[in-house]
Amino acid sequence: MDGMTFGSTVRKLVVIGNGMAGARAVEEVLARGGAEQFSITMFGDEPYGNYNRILLSNILSGQQDHSEIYINPLDWYKENSIRLHSGARVTHIDRAARVVTADNGVQEEYDILLIATGSRAFIPPMEGVWAEGGRLRPGIFAFRGIDDCNAIVAEAARSKRAAVIGGGLLGLEAARGLLNHGCEVHVIHLGQHLMDMQLDTAGGAMLRRAMEGMGVQVHLGKMTTTVLLEGEKVAGLRFKDGTELACDMVVVSAGIRPNAEIGSRAGLTVERAIVVDNTMRSPDDPHIYAVGECVQHRGKVYGLVAPLWDQAKVFADQVTGANTGAEYLGSKLATKLKVMGVELASMGITEPASDADEVIQFSEPKRGTYKKLIVRDGRLVGGILMGDISKAAYLMQAFDRDSRLPDERLELLFDLGAPPQKVTLDEMPVDAQVCNCNGVSKGAIGACVADGARSGSAVMKATRAGMGCGSCKGLVNELVEWFCGGEAEEDPSIHYYVPAIPLAKPELVAKIREQGLRSVSAVFAALAPQGEDAASKPPLASLLATIWAGEYEDERDARFINDRVHANIQKDGTFSVVPEMAGGVCTPAELMRIAQVAVKYQVPLVKLTGGQRIDLVGIAKADLPGVWQDLDMPAGTAWGKSYRTCKSCIGTEFCRFGLGDSMGLATRIERRFRGIDSPAKMKLATAGCPRNCSEAMVKDVGLVAIGDDKWEIYVGGAAGAHIRKGDLLCVVEGEDAAMQISGRFMQYYREHAKWKERTYSFVPRIGLERIRAIVVDDADGTAEALDQAMLASVEAAYDPWKEAVKPRTANQFADVVQAEMVGGGDD
Amino acid sequence: MTEAILKHRVGLLDAVPRGEGRVFEVAGQRLAVFRTHGDQVFATQEHCPHLGGPLADGLIDRGTVICPLHDRTYDLRSGAGVNTECQVRTYPASVGADGAIVVEVGQD
Ligand code: SRM
Ligand SMILES: Cc1cc2nc3c(=O)[nH]c(=O)nc-3n(C[C@H](O)[C@H](O)[C@H](O)COP(=O)(O)OP(=O)(O)OC[C@H]3O[C@@H](n4cnc5c(N)ncnc54)[C@H](O)[C@@H]3O)c2cc1C
Ligand code: SF4
Ligand code: FES
């Protein structure tokens with residue numbers, strides 16, 4: 001493909017390094033019309049497209065997945081006619097001939113060469129760390145690229161105890177990530193406190209407590225001298241003070257070293273890194289520029305992304321001629337720690353440099369809150385925020401812009417009085433940086449809105465704001481709202497009940513009733529402009545079951561796999577089986593059958609669930625019917641968007657405090673509502689007294705006995721991904737009333753909630769007062785209808801495990817169907 | 001170089017319910033075979049390239065399948081990812097005159 005001919009004005013731009021800086025520099029060039037001026041070639045020695053290195057921490061912790069961190073997929077290179085040599089390492093620059101050579105033999109000529117080789121992990125000298133051939137010994141890892149990340153994850157799965165050498169930003173992110181893989185994690189740090197580049201002693205100590213609270217053990221003031229081995233395997237670390245720590249894997253995160261050798265070999269000035277001037281050009285060669293972590297500018301080498309965005313802009317302004325006056329003048333550094341469970345932001349210096357520096361400090365160690373600001377001549381020169389970082393965005397801007405701080409210092413640390421958000425947005429200068437990862441300013445967001453983007457998601461897509469570590473998403477949304485004068489448009493489809501049908505739930509329900517649509521296919525045929533849509537099927541199936549109860553035509557293909565085989569799919573494609581145990585109670589005979597099933601089917605795991613029952617985990621699809629038959633217990637519906645369980649405490653039966661028969665009521669509830677479809681899970685609980693042992697106050701519906709046969713009914717509680725104390729809907733007398741009001745509430749919720757909207761969102765959305773008016777006081781005169789509809793659903797419910805003997809669809813439980821061959825040969 | 005393509009009759013159309021998929025073992029190889037509401041048939045590799053999810057258990061419509069584990073969605077004709085960089089292998093599939101599903105599988 002080298003036969004392209006270039007017009008005489010097209011110059012050749014070659015980029016060494018396909019990392020965050022290299023790729024961004026090319027994007028900036030393209031944004032300035034560079035595609036017409038240059039033919040662009042990139043070399044990257046990682047065999048991938050360009051990805052967001054920052055997010056590797058999230059991959060390690062399992063919060064994100066590889067495919068989510070690519071910035072530019074391979075198509076992007078194609079679309080922009082960029083030739084990418086991936087997996088090719090440039091080894092030689094011939095400055096006289098203006099040719100670079102890669103280790104796979106590829107040669108490319110250049111008019112402009114950009115070096116963006118980044119840096120690598122620094123491995124401090126330690127005995128035993130290297131294996132033959134200059135590789136790290138198996139069991140020892142650096143943390144820099146995707147490959148490192150994969151290797152660490154694989155090893156962590158086998159490992160019992162991991163040591164991370166280095167208690168800086170990256171080391172702590174690595175340690176937190178390792179915890180999620182179930183190993184014991186130790187951080188070994190040379191300094192006297194964690195993150196000593198960004199924190200003072202007090203902040204470091206508090207961070208240590210936070211890390212230890214999560215289960216990471218921290219060892220300070222330890223210099224590792226030796227990796228101890230048992231045969232070829234890592235067995236531990238020895239420190240300079242003679243102490244040792246046993247461990248079976250080691251992640252080294254002790255700083256970075258710029259990949260600058262390529263520059264020195266080519267005769268460019270290299271000190272700590274490749275030296276550049278304010279135009280990002282090498283002082284030795286007008287054809288060579290450098291950006292990113294491999295660069296030294298005014299004596300400084302950076303290890304964060306913000307500076308390299310600025311560098312990339314200056315480079316692009318220069319080489320495209322868009323602004324030949326552009327200069328890079330250095331960056332101020334502010335960081336946020338991306339450790340789940342720790343809120344920490346830090347900027348500038350950590351200790352006052354002289355008595356003239358003013359220090360404003362607040363500390364509440366018990367709550368893990370620490371705030372410290374260093375002010376010089378009325379301007380922020382340093383800051384640490386831990387625990388509560390609500391003021392971080394404002395302070396980081398003030399720091400970055402060197403702007404004058406308000407005289408009322410307390411306001412710097414706390415939001416006083418009314419929420420000053422609006423004021424802050426007004427006051428925020430146009431060029432204040434909002435997204436530090438992608439270098440997007442308030443002005444850029446405004447411009448994007450002016451260009452027609454009317455929603456947060458549209459702006460994020462267009463500007464990339466919020467697409468890095470994500471910590472600024474809230475602020476971006478607020479700014480979009482602000483720029484739209486409070487009239488940011490929502491994407492209209494967010495109001496649709498399902499993506500395929502442009503109707504909100506009430507209109508959709510009306511149409512379905514009006515036209516008598518009883519199956520999902522019928523709904524698609526009548527109402528979906530584009531016809532069938534896979535993602536819209538389960539919400540429609542659930543809705544139809546609610547509307548039509550027994551007269552709903554159950555097309556199994558519209559159901560998620562869990563509802564086709566009545567069990568919960570697991571990561572390896574096997575299923576979990578949870579039989580019903582109303583009120584958490586089962587008979588000895590049932591317990592024995594469960595045990596027999598576990599033995600007979602070699603069930604890999606028998607577990608008590610958080611829902612007070614027993615889970616048989618890891619069952620092949622083909623075994624499900626057998627398991628159900630042998631169990632001879634009703635399904636616990638632990639898999640669907642439906643009524644799930646009613647937990648209970650021991651109640652009046654045995655407890656000395658019991659005021660109501662919580663076990664009995666839970667059993668009645670379970671028997672009545674089991675198998676009822678709903679927009680999202682409905683989890684209930686009954687408690688025999690307000691001690692609330694069964695956590696009834698944080699359930700979708702919770703019933704708490706308060707004596708004299710009275711029950712409090714709480715709704716909209718949650719203690720899962722969100723925590724919310726349920727709202728007290730009413731107090732009723734007697735179990736029957738408790739069942740009736742609970743059922744009426746659930747029916748109202750079934751009819752009005754959005755798909756997957758749990759009651760913890762639904763109740764605040766509709767408002768407790770309104771719900772009470774309808775469900776308790778019957779203000780709309782609909783109570784009777786709600787009760788009837790619920791009764792119809794109760795009567796239509798059936799035990800799906802009965803399909804063990806009467807499958808509903810062909811090969812319903814087959815793991816695999818054998819095929820026969822009819823013909824062969826070439827066609 | 002021509003690769004030997006073998007046509008396999010994997011079973012009657014009725015072995016797969018409308019709008020669902022099933023796994024078939026075809027000449028020692030496992031494939032996910034889908035049947036749409038319009039009685040079109042498609043065949044893809046068995047496992048999702050993301051983390052090995054069972055594609056035959058996914059929800060489908062007339063053109064795509066959603067992996068049941070993490071919702072990565074693939075075009076049933078081309079195998080291209082709709083919301084992902086991943087892609088799956090597809091195999092030509094059709095319904096024969098005798099009402100049997102026929103899948104073409106290369107021999108390797
Ligand atoms: C088995 C169980 C864990 C255990 O071993 O204890 C469990 C397992 C799963 N939970 Fe749970 N949850 C279990 C009790 C809970 C509880 C506690 C409870 O029910 O009292 C909660 C908090 C209460 C709640 O629901 O809010 C809980 C909150 C969640 C959530 C967060 C829901 C939320 O909106 O806050 C999810 C995710 C979701 O629903 O999208 C979830 C999702 C899941 C799924 C279904 C993930 C999935 O989609 O496949 C897990 C299935 C694992 C598997 O392989 O089968 N699980 N899960 C518990 C089954 C209880 C039962 O007997 O039915
Ligand atoms: C786990 C982790 C978390 C981080 N978190 C943050 C954070 O929260 N905030 C923040 O600001 N920064 C963070 N960073 C730092 C940030 O990722 C770097 O500052 C940034 O990636 C530097 O960009 P770069 O292009 O200079 O180098 P890189 O992104 O490393 O890119 C350089 C590329 O050049 C390639 N290369 C090197 N030599 C050659 C050669 N001779 N030929 C061909 N290719 C070559 C390399 O393989 C690499 O792909 C983090 C870094 C890591 C590793
Ligand atoms: S069982 Fe629940 S808490 Fe545990 S990993 Fe699965 S979804 Fe998360
Ligand atoms: S395994 Fe298919 S999406 Fe994750």
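Helices (H or I, at least four residues) and strands (E, at least two) are DSSP runs, numbered from the N terminus.

A:Glu293 sits in the loop between strand S21 (288-290) and strand S22 (295-297) of chain A. This is a predicted model, in which local features need pLDDT of at least 70, side-chain atom pairs count only at pLDDT 80 or more, and totals for chains, interfaces and linings use all residues. Residues are numbered from 1 along each chain as its sequence is written, chains are lettered from A and ligands numbered from 1 in the order in which they are written, and side-chain values use heavy atoms, with hydrogens and water left out.

Is A:Glu293 buried or exposed? A:Glu293 counts as buried, at 10% relative accessibility. Buried means under 20% relative accessible area, exposed over 50%, and partly exposed in between (1.4 Å probe, protein chains only).

The side chain of A:Glu293 makes polar contacts. A polar contact is a pair of N or O atoms within 3.5 Å; within protein, one must be able to donate a hydrogen and the other to accept it, and residues adjacent in sequence count only if both atoms are side-chain atoms. One such contact, of 2.4 Å, links A:Glu293 to the side chain of A:Ser119. Another, of 2.9 Å, links A:Glu293 to the side chain of A:Arg144.

## The shell around ligand 2

Around ligand 2 there are 31 residues. A residue is near a molecule or strand if one of its heavy atoms lies within 4 Å of it. A:Ala21, A:Asp45, A:Arg144, A:Glu293 and A:Lys338 come nearest to ligand 2. By class, the shell has 14 nonpolar, ten polar and seven charged residues. Here Ala, Val, Leu, Ile, Met, Phe, Trp, Tyr, Cys and Pro count as nonpolar, Asp, Glu, Lys and Arg as charged, and the others, Gly among them, as polar.

Several parts of chain A build this shell. Helix H1 (20-31), strand S2 (38-44), helix H3 (56-61) and helix H9 (305-320) each supply at least two residues. Domain 1 (11-119 + 258-320) and domain 2 (132-254) of chain A each give at least three. These bounds come from an automatic or database domain assignment.

An oxygen lies 2.5 Å from an N or O atom in the side chain of A:Glu293. For the side chain of A:Arg53, the distance is 2.8 Å. At A:Ala21, a polar backbone atom is 2.7 Å from an oxygen of the ligand. The protein covers 94% of the 1000 Å² of accessible area that ligand 2 has on its own. Accessible areas come from the Shrake-Rupley method with a 1.4 Å probe; for residues, only the protein chains shown count as cover.

## The shell around ligand 1

How many residues surround ligand 1? There are 20, and the closest are A:Gln570, A:Thr609, A:Gly610, A:Lys681 and A:Tyr760. The shell has four nonpolar, eight polar and eight charged residues.

A:Gln570 has an N or O atom 2.6 Å away from an oxygen. A polar side-chain atom of A:Lys683 lies at 2.8 Å. For A:Arg758, the distance is 3.0 Å.

## An enclosed helix

Helix H18 (residues 537-548) of chain A has twelve residues. From first C-alpha to last, H18 reaches 16 Å, close to the 16 Å expected at 1.5 Å a residue. The expected span is 1.5 Å times one less than the number of residues.

Why is H18(A) largely enclosed by the rest of the structure? Twelve of its twelve residues are buried, so the rest of the structure largely encloses H18(A). Among them are A:Lys537, A:Ser542 and A:Trp548.

## Two loop residues with positive phi

A:Met195 has a phi near 45°, a positive value in a residue other than glycine. A:Met195 belongs to the loop between strand S13 (184-188) and helix H7 (201-214) of chain A. At 2% relative accessibility, A:Met195 is buried.

A:Lys756 also is not a glycine, and its phi is positive, about 65°. The loop between helix H24 (735-752) and helix H25 (759-766) of chain A holds A:Lys756. A:Lys756 is exposed, with a relative accessible area of 53%.

## Chain B

Chain B has zero helices and ten strands. Of its 108 residues, 56% count as buried. B:Ala43 lies in strand S4 (residues 41-45) of chain B and is buried, with a relative accessible area of 1%. B:Ala43 and B:Val102 are 59 residues apart along the chain, and their C-alpha atoms are separated by 9.7 Å.
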